[in-house]
Amino acid sequence: MYYWDEHILCPFYLRDATLRGRAAIVCEGIGESISTRQDFKTTDAKDRFKTLYCANEYEQCRIYQAVNKDYEERKENSGA
């Protein structure tokens, strides 16, 4: 079973995308006003990734971990 946008738990997920015929997931990136795109060879591969990470185990996703670390570091540096 695949999960769609209403099932997404990851706070950094932005949207699905297609670029040059390749399925992709777009997430927040490291730094302000930056996004990151994960490209997949097939839509099925994207859907499996989205189901596993975006809709369930998002804290295990490397993109989530990197972006979350960046948020934490910026928070520490701002004195908040």
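Colleague: What makes up the secondary structure of the protein chain?

Modeller: The count is 2 helices and 3 strands. Helices are DSSP runs of H or I with at least four residues, strands are runs of E with at least two, and both are numbered from the N terminus. Along the sequence the pattern reads β-β-β-α-α. This is a predicted model, where local features need pLDDT of at least 70 and side-chain atom pairs count only at pLDDT 80 or more, while totals for chains, interfaces and linings use all residues. Residues are numbered from 1 along each chain as its sequence is written, and side-chain values use heavy atoms, with hydrogens and water left out.

Colleague: Why is arginine 20 called exposed?

Modeller: Exposed means over 50% relative accessible area, buried means under 20%, and partly exposed is in between (1.4 Å probe, protein chains only). Arginine 20 has 75% relative accessibility, so arginine 20 counts as exposed. Arginine 20 lies in the loop between β1 (13-19) and β2 (22-28).

Colleague: Why is serine 33 called exposed?

Modeller: The relative accessible area of serine 33 is 84%, so serine 33 is exposed. Serine 33 sits in the loop between β2 and β3 (35-40). Serine 33 is not a glycine, yet its phi is positive, about 60 degrees.

Colleague: How much of the protein chain counts as buried?

Modeller: Of its 80 residues, 30% count as buried.

Colleague: Which residues of the largest nonpolar core touch the most other members?

Modeller: Tyr13 and Ile25 do, in a core of 15 residues. β2, α1 (43-54) and α2 (62-78) each supply at least two residues of this core. A nonpolar core is a set of buried Ala, Val, Leu, Ile, Met, Phe, Trp, Tyr and Cys residues joined through side-chain atoms within 4.5 Å.

Colleague: What is isoleucine 25 in contact with, leaving aside its neighbours within four places in sequence?

Modeller: Its partners include Tyr13, Thr36, Phe40, Phe49 and Cys54. Contact means heavy atoms within 4.5 Å.

Colleague: What share of the contacts with a separation of 6 or more joins residues 24 or more positions apart?

Modeller: In the protein chain that share is 47%.

Colleague: How many side chains are positive, and how many negative?

Modeller: The protein chain has 12 positive and 14 negative side chains. Lys and Arg count as positive, Asp and Glu as negative; His and the chain ends are not counted.

How values were computed: Charge placed at Lys NZ, Arg CZ, Asp CG, Glu CD.
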